[in-house]
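Let us walk through this protein one contact at a time. Keep the 3D view open and find each residue as it comes up.

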Amino acid sequence: MATGGTGSDILMVAAIDFGTTYSGYAYSLKGEYEKDKLNIHANQAWNSGGKSLMSLKTPTCILINKENKEFESFGYEAENAYADIVIEDEADNYYFFDRFKMMLYTREDISTNMEIEDIRGNSLPAIDVFAAAIGALRQHMMDHVKKQRVNLQPHEIKWVLTVPAMWTDKAKEFMRESAEKAGIRKDRLVIALEPEAASIYCQHLPPDKMTGAIEGFSVADDDSKYLVIDIGGGTVDITAHHKVCEDDLQELCSASGGACGGTTVDKEFLTLFENIVQERVMETLAKESTASYLDLLREFETVKRTISSTKRQKINFTIPFTDLTAHCLRFLEKEFKNAVEDSEYHNQITLAGDKMRMDKDLMKSLFNAACTNIVKEIRSVLQRVPTTSLKTFLLVGGFSECPIIQDAIKQAFPEVHILIPRDDPGLAVVKGAVLFGHKPDFITSRITRCTYGRRIRPLFDESKHDVSKRVGGDGEYRCRDVFEEFMEKDRKVQVDEVVKVEYHTVMNPQSSVSVAIYYTYKDNAKYVDDEGCKKLGEFSVPIPDPTEERRYVDVEFKFGGTELEVTATERKTGERIQYNYSLLN
């Protein structure tokens, strides 16, 4: 398993939680960890620069100078700087990227060559944007550490980068490539899976630090089983864990989830405003009154995290009334208050100065789709868990703080105990990632999410092969594009479990052997071009001093870790090459 280095040379573990909406970091020194594992440091408060929001994380957004393509600022600083740039009419001179992590979940054509558009439709290579963002978090943390009078050399720091467990291998590799481009050493970097990291953190929390804890039970108890539900800004990421005994945590089913995090509620909120004032008014607010637009989103973020589903009948929050009125007069020829009165919500929304008062039921309705889809994803995972004794849910992630989400889960699963880290569930992932960095073998086995195979050309068999796949002649026909499985999905694999696959030359002499890896989430794939079967990567293994004799290559696939590792050995010379970071080629 890629552990990012071990031994006495590692003096600090630093973790970066690169989120869809918010990002942050945490770290702990080796000496502190050995005395108290929970002595983990995080930036205590990122200042939004406004009056309403102090956050333990900062927005995942970045400002880049268009002329020289150099990094300008990240997080709240980038938001505020871009708002000023818009006022000064200089937006054409900058790129502003916001909430871009989701592209690694939604896109299938992930590669180091793909591009990403900023909010104005201008493109840059995606890996440059991701690397700049990771680099900004890395530098912010290093500056923070220096202020604490801690001086370390680069090789003395192990970095942990968190990714959703349900991401594809390609997406994970892309994040690794981005981190390396940001200046993090390859041999000092390890990938952590977000729900796993949160689970590890909660393994170390005493029961009195967990909301919903019941006497006589802890997720840290031997033989305890529970579902980990990481509800973040973009996605919900779910897995099931079995605490076998001390330092032995096993996955019960493969991780899964969907795009039903907090941003789905943001979209419903903005859609409501578009229904009142039309889409062009909101687009203009975002482009020409950016500061006001960001203030509106920040205000809603505060409301979204704390709204109660049982108390107040009216929800009050501040809106950019002056700018909304100006844009309504421009496009609708009426004031914002008149647009509200003329809308379908006139009985549910009232205005008082720069305050909007919304009926609780209307506000709650913005959460309906997210609640429904989160419950659906939980049910899907439970159907795959090979046990009926799983009666505990562990909720983590920033959006898990929302009472409406908590109540929806409790109503859907009334017989289940809901546990939530008391202090800040949004930091459970990044603090758990620090613990994972100190002890990466805490998870001892995982469940494969997909079936892996290779492309082969066996002798054509008309009883089982499609005639359209037949190639060759002169009495020997072969079948092209056959998918030969070497690891099936939903299989329990130990960490660092190795599968060895033999390849050989087919022509003489042959200077290299091609290795093509495919994967599918479907059952019984026959060909690599079947629906749902996708290429993970392809690379060539060089054959030194090729001869007329058949040469063999042994390719080892190492499963069970947070990343798939691939090593090829040319059998005659013993030359060994690791390809785990080259799958995107």
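Start with a charged pair. Glu-476 and Arg-478 form a salt bridge, and their closest N and O atoms are 3.8 Å apart. Note that this is a predicted model. How exposed are the two partners? Glu-476 has a relative accessible area of 45%, so it is partly exposed. Arg-478 is at 32%, so it counts as partly exposed too.

Now move to another pair. Glu-502 and Arg-571 meet through their side chains in a salt bridge, with 2.8 Å from N to O. This pair links distant parts of the chain, 69 residues apart. Glu-502 sits in strand E29, residues 497-504. Arg-571 lies in the loop between E33 and strand E34 (575-578). Salt bridges can also share partners: Asp-9, Arg-185, Asp-187 and Arg-188 are joined into one network in this way. Back in the pair, Glu-502 is partly exposed, because its relative accessible area is 39%. Arg-571 is partly exposed because it has 39% relative accessibility.

How many salt bridges does the structure hold? The count is 39. One of them joins the side chains of Lys-304 and Asp-266, at 2.8 Å from N to O. The cut-off for buried is under 20%.

Helix H8 covers residues 279-288. Its buried residues are Val-281, Met-282, Thr-284, Leu-285 and Ala-286. What do they pack against? They pack against H7, helix H9 (290-306) and helix H10 (321-331).

Next, look at the nonpolar cores. The largest has 63 residues. Among the residues with the most contacts inside it are Phe-273, Met-363 and Phe-393. Helix H7 (residues 262-277) gives this core its largest share, seven residues. Another core lies apart from it, with 51 residues, including Ile-62 and Ala-255. Pick out Phe-393. Beyond its neighbours within four places in sequence, Phe-393 is in contact with residues including Leu-227, Ile-378, Ile-418 and Leu-419.

Two of those names come back at Gly-212. Leaving out residues up to four places away in sequence, Gly-212 touches Ile-418 and Leu-419. Gly-212 is in the loop between strand E14 (210-211) and strand E15 (224-231). At 36% relative accessibility it is partly exposed. The C-alpha atoms of Gly-212 and Arg-422 are 9.0 Å apart, though 210 residues separate them along the chain.

Arg-551 is in the loop between strand E31 (533-542) and strand E32 (552-559). It has 3% relative accessibility, so it counts as buried. What does its side chain meet? A polar atom of the Arg-551 side chain lies 2.8 Å from the backbone oxygen of Pro-544. The Arg-551 side chain also makes a polar contact with the side chain of Glu-570, at 3.0 Å.

Thr-569 is in strand E33, residues 565-570. At 17% relative accessibility, Thr-569 is buried. Its side chain makes a polar contact with the side chain of Arg-576, at 3.3 Å. Setting aside residues up to four places away in sequence, Thr-569 touches residues including Tyr-552, Asp-554 and Gly-574.

Methods
Residues numbered from 1 in each chain as written. Predicted model: local features only at pLDDT ≥ 70, side-chain atom pairs only at ≥ 80, totals over all residues. Heavy atoms only, no water. Helix = DSSP H or I, 4+ residues; strand = E, 2+ residues; numbered from the N terminus. Buried < 20%, exposed > 50% of the residue type's maximum accessible area, 1.4 Å probe, protein only. Polar contact = N/O pair within 3.5 Å; in protein donor to acceptor, adjacent residues only side chain to side chain. Contact = heavy atoms within 4.5 Å. Core = buried A, V, L, I, M, F, W, Y, C linked by side-chain atoms within 4.5 Å. Salt bridge = Lys/Arg side-chain N within 4 Å of Asp/Glu carboxyl O.
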